[in-house]
Amino acid sequence: MSIFDNSLEPIKRIRRKARERRLLATQNVKESLARRLGEEQDAFDHSPVSFAPDSVQHSVGILLVHGFTGSPHSMRPVAQHFMELGYAVEMPVLTGHATRWQDLRDSTYQQWLDSAERGYRRLANQGLQVVVIGMSMGGTVATHLSARLPVAGTVLINPYMVDVNPMMRHAGKVSKVLPVLKAIGSDIAVPGVSEGAYSIVPTAAVHQLHLLGAETRALIPQLKSPILYLRSLGDHTVSDSSHKYFLEHCSVPVEFRWLTRSYHVATLDYDAEYLLSTVQAFVASLNH
């Protein structure tokens, strides 16, 4: 090979172009989040949303449910999107979340379900059909609620259905000697973006999550309305066993979509705009 041979240049050029595309994608998604969350993206907004438009434009309302150790901040881009479209939106804070980790330690999964159901009732009392959108544990809560109450449809974003670690079933006993575990929040591919979840996880709450999952799995065959299931290829939090179990046991139509560029918190990640357009189209198909 000649010392003047530049055979590696094409490879370097491909890598350089790939790096440029990643940087551009990162810039685009951060600009999009800035539009939806405000310029101060590091100032987390954990507050709930209860929004009713001035005039009724749609026959359905949107119930948004955040994930384990997180808060409404992770779902706020979705809430903002649908409010701008004129939909009624409810986005509650689940009991024990968005305050102190000690409050999550002392909460139960039934309280999480009750928090979401109160949001459902507020929409239903307006005469609206309800579309439930949940991410992570919020997807578990959304499934549980949709199996028990009339809904127009359900959107699941990387929902937890099956224990990631078999030790989760023993978390109640483990909590007596190991009260906290390392954080699991902010699994996001975009550099520098966080969901503002708790910095540690109370072990007792992991046991409650296990109980919620077990109860919800038994309810999956009772689902009756259409489902949109969004699954991230790069999820480091929920395993593939969750979507495999769900698809094997669900008897209603499921529109399954892969999110190819995102980690677990897909609403704040590279696929956020694709996620929003896909969810919007699904909701519009139910809005009679």
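Predicted model: local features only at pLDDT ≥ 70, side-chain atom pairs only at ≥ 80, totals over all residues.
I started with strands β2 (residues 60-65) and β4 (residues 129-135), which run parallel and are joined by 6 bridges. Strands here are DSSP runs of E, at least two residues long, and helices are runs of H or I, at least four long, both numbered from the N terminus. I count two strands as paired if DSSP finds at least two bridges between them. Opposite V65 I found G134 in β4.

Residues are numbered from 1 along each chain as its sequence is written, and side-chain values use heavy atoms, with hydrogens and water left out.

Next I looked at the whole sheet. It is open, has 7 strands in the order β1-β3-β2-β4-β5-β8-β9, and its pairing is mixed. The edge strands are β1 (49-51) and β9, each pairing on one side only. Neighbouring strands are turned by 15° against each other on average, direction ignored; axes are lines fitted to C-alpha atoms, for helices over the stretch in contact, and angles run from 0 to 180 degrees between N-to-C directions.

Then I followed β8 (residues 227-232) to β9 (residues 254-259), a parallel pair with 6 bridges. The bridge partner of L228 in β9 is E255. Between these strands the chain passes through helix α8 (residues 240-249), and this β-α-β crossover is right-handed, meaning that the path from the first strand over the helix to the second runs clockwise with the strands pointing away from the viewer.

What does α8 lie across? I noted β5 (153-157), β8 and β9, with α8 running at about 160° to β8. Helix α9 (residues 272-286) packs on the sheet too, touching β2, β4, β5, β8 and β9, and its direction makes about 170° with that of β8. Contact means heavy atoms within 4.5 Å.

I also checked a helix pair. The axes of α4 (residues 109-124) and α7 (residues 203-219) come within 8 Å and cross at roughly 65°. Y109, W112 and L113 of α4 meet A205, Q208, L209, L211, L212 and E215 of α7.

Last, I jotted down the chain totals. There are 9 helices and 9 strands. Of the 288 residues, 51% count as buried, that is, under 20% relative accessible area with a 1.4 Å probe, protein chains only.

Conventions. Buried < 20%, exposed > 50% of the residue type's maximum accessible area, 1.4 Å probe, protein only.
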